[in-house]
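Q: Can you walk me through this one? I'd like to start with a helix and then look at the charged pairs.

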Amino acid sequence: MVDDVTPGSIGRGLPLKGADLTVTSKEFTEQLILGAIMGIAFQAAGADVLDRTGIQGSIGSREAVKSGDADGMYEYTGTAWITYQGNSEPIADPREQWEAVRKADLRNGLTWLAPASLNNTYALAMNQANFEKYGTKTLSDVAALSKSDPGAVTLCVESEFANRADGLPGMEKAYGMRVPAKNITQMDTGIIYTQVKKGSCTYGEVFTTDGRIKSMNLVVMADDKKFFPNYNAAPAINSKALKKWPAIAEVLDPVTKKLDNTVARELNAKVDVDGQDPHQVALDWMKKEGFVKEK
């Protein structure tokens, strides 16, 4: 990374001067932005940073940090707990979920730093016209509608969501929802948003931090029984790198604290809706927040 940045509110005294750090991420928009944010923070604190963001799939980026090929990334607590650490039941309290993940990953050579309130979990959303028609605000409301007016509840979902225990089958069970197979259409993520906006399906599976929710003016149903796992973003750092450069934590903590769902939706929309470059979006935000300055 070759951003010409100097310390703003972070990185004063250049505590990472002399460090060669590699940052990584998965390949979707939010991850590219978060990977850039981490790299820009390290640069402001004096490090030379190698950009290895955009690795395909979840496993590759995590393995890079575990092996030491990369030094850090922003990862999600729910993904670590269920996908990597093999647990079937999520922990309802976000802080407890992070603590459990942190404890389990220490033996894998990974240290999790303080989490963000940014929680990129599943949700169901509908367009404004359907919201005015049916007035559902929670998943319990959707379950009630599925019983009182079965034809009203049509779903657009990804195939993975349709089959995962922490997806549709689990959600139906938790809420006592019965949606007949003929009312469920499986499709790619991007198409779901456009179909929900058009009203082709009443409800679509969305990710809570996706910028298209705001740009398409969709209404997200509250998960009132807290069924879906918490997917809070937090820095996962190679433990050896953190031991060598403990200032990594103090550099990242204030930045992570600022990351919430509103910020994520806004930044993701700049890329997915406005077509901006993820790295530039990250840099603009870091400057706007006063974390870094340009030389």
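A: First a term: contact means heavy atoms within 4.5 Å. This is a predicted model, where local features need pLDDT of at least 70, side-chain atom pairs count only at pLDDT 80 or more, and totals for chains, interfaces and linings use all residues. Residues are numbered from 1 along each chain as its sequence is written, and side-chain values use heavy atoms, with hydrogens and water left out.

Q: What do the buried residues of α13 pack against?
A: They pack against α1 (29–44), α10 (211–215), α12 (247–258) and α14 (278–288). Helices here are DSSP runs of H or I with at least four residues, strands are runs of E with at least two, and both are numbered from the N terminus.

Q: Which residues of α13 are buried?
A: V263, A264, L267, N268, A269 and V271. Buried means under 20% relative accessible area, exposed means over 50%, and partly exposed is in between (1.4 Å probe, protein chains only).

Q: How many residues does α13 have, and how far does it reach?
A: Helix α13 covers residues 261–272, so 12 residues by the DSSP run. From first C-alpha to last it reaches 16 Å, close to the 16 Å expected. The expected span is 1.5 Å times one less than the number of residues.

Q: What happens at the start of α13?
A: A side-chain oxygen of D260 comes to within 3.2 Å of the backbone nitrogen of T262.

Q: New topic. How many salt bridges does the structure hold?
A: It holds 11. A salt bridge is a side-chain nitrogen of Lys or Arg within 4 Å of a carboxyl oxygen of Asp or Glu.

Q: Where do E99 and R95 sit?
A: Both are in helix α4 (residues 94–106), four residues apart, which puts about one helical turn between them. E99 is partly exposed at 43% relative accessibility, and R95 is partly exposed at 45%.

Q: Why does that spacing matter for direction?
A: An α-helix has 3.6 residues a turn, so residues three or four places apart point the same way.

Q: And D210 and R212: buried or exposed?
A: Both are buried. They form a salt bridge, with the closest N and O atoms 2.8 Å apart.

Q: What does K258 pair with?
A: K258 forms a salt bridge with E289, the closest N and O atoms being 3.4 Å apart. K258 lies in helix α12 and E289 in the loop between α14 and β12 (292–294), so the pair ties together parts 31 residues apart in sequence.

Q: Which residues do shared partners join into one network?
A: E160, R164 and D166, through salt bridges.

Methods
A polar contact is a pair of N or O atoms within 3.5 Å; within protein, one must be able to donate a hydrogen and the other to accept it, and residues adjacent in sequence count only if both atoms are side-chain atoms.
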